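My notes follow the structure.

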Amino acid sequence: MDNEVSAGSTTSTLGHLALGLTLLAFGIGTTRVIDGVTVADAVSIATYVGGIGLFVLGVLAFREHDAFTGTAFAGLGAFWFTWAAGAQTKLSANASGLFLVLFALLALSLAAGSAGGGLFRQGTYGLLFLALVVLAVGQFAESSVLARAAGWLAAVAGAVAWYGATASLAKWPTAMPRRAAGRGVTATG
């Protein structure tokens, strides 16, 4: 088995743990899969862990001359803090949808920028992009079904971020074993 775990920096690992936990809390709350747990219950985690924590880690990453991680964590920290601060505010569905679309663009930029940075990193940002787009469409359409689907995408993105960071700490494998070229392929004709 290929053991393709990059050690990464402490800042990156801690940031991906924080992002994973925040996405899990947000996603689980949005899906309402646990009785009595709603997205409003994720506000504290989003404020402190996702908002302030990620933003501070982003600044530290910039000090370490890691522009990608700094951009990712500072940008996502701003997203989570702003989302949590406005969670109690009644906004129009269109204003909420626009907010989500704008940060979906950040997630798309992060997914594109993380190409070559590992499957878990790119998967986290790609799933976050999808979750934000589905949630935005759900806001525009005022659809609770789409909101729940976005919650599942966010929860999966959180699990991917958490596993990737935990694998880095525990030195668990993150790459799938590769088949030799030509093996397992049959010609039909």
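At what angle do the axes of H3 and H5 cross, and within what distance do they come? I looked this up first. The model is predicted, so I treat each value as computed from it.

**Entry: helix pair**

I found a crossing of roughly 30° for the axes of H3 and H5. The two axes come within 14 Å. Angles under 35 degrees count as roughly parallel. H3 and H5 are therefore roughly parallel to each other. I noted the hand of their crossing as left-handed.

Next I listed the contact residues. H3 brings Phe68, Thr69, Ala72, Phe73, Leu76 and Phe79. From H5, Arg121, Tyr125, Leu128 and Leu132 meet them. I sorted the residues of this contact by class: eight are nonpolar, one is polar and one is charged.

**Entry: largest pocket**

I then turned to the largest pocket. Its volume is about 880 Å³. I counted 28 lining residues, and those closest to the pocket centre are Val39, Trp83, Ala87, Ser96 and Gln139.

Which helices each supply at least two residues of this lining? I got H1 (10–31), H3 (67–85), H4 (93–113), H5 (119–141) and H6 (144–170). Both members of the pair above, H3 and H5, are among them. H4 gives the most to the lining, with four residues.

Last, I checked the classes in the pocket lining. I logged 12 nonpolar residues, 12 polar residues and four charged residues.

How values were computed. Residues numbered from 1 in each chain as written. Predicted model: local features only at pLDDT ≥ 70, side-chain atom pairs only at ≥ 80, totals over all residues. Heavy atoms only, no water. 1 Å grid on protein atoms, 1.4 Å probe; cavity = no way out; pocket = protein on both sides within 12 Å on 5 of 7 lines; lining within 4 Å. Points joined across faces, edges and corners; volume = space filled by probe spheres on them. Nonpolar A, V, L, I, M, F, W, Y, C, P; charged D, E, K, R; others polar. Axes fitted to C-alpha atoms, helices over the stretch in contact; angles between N-to-C directions. Parallel < 35°, antiparallel > 145°, perpendicular 65-115°, else oblique. Left-handed = near helix turned anticlockwise from the far one by under 90°. Contact = heavy atoms within 4.5 Å.
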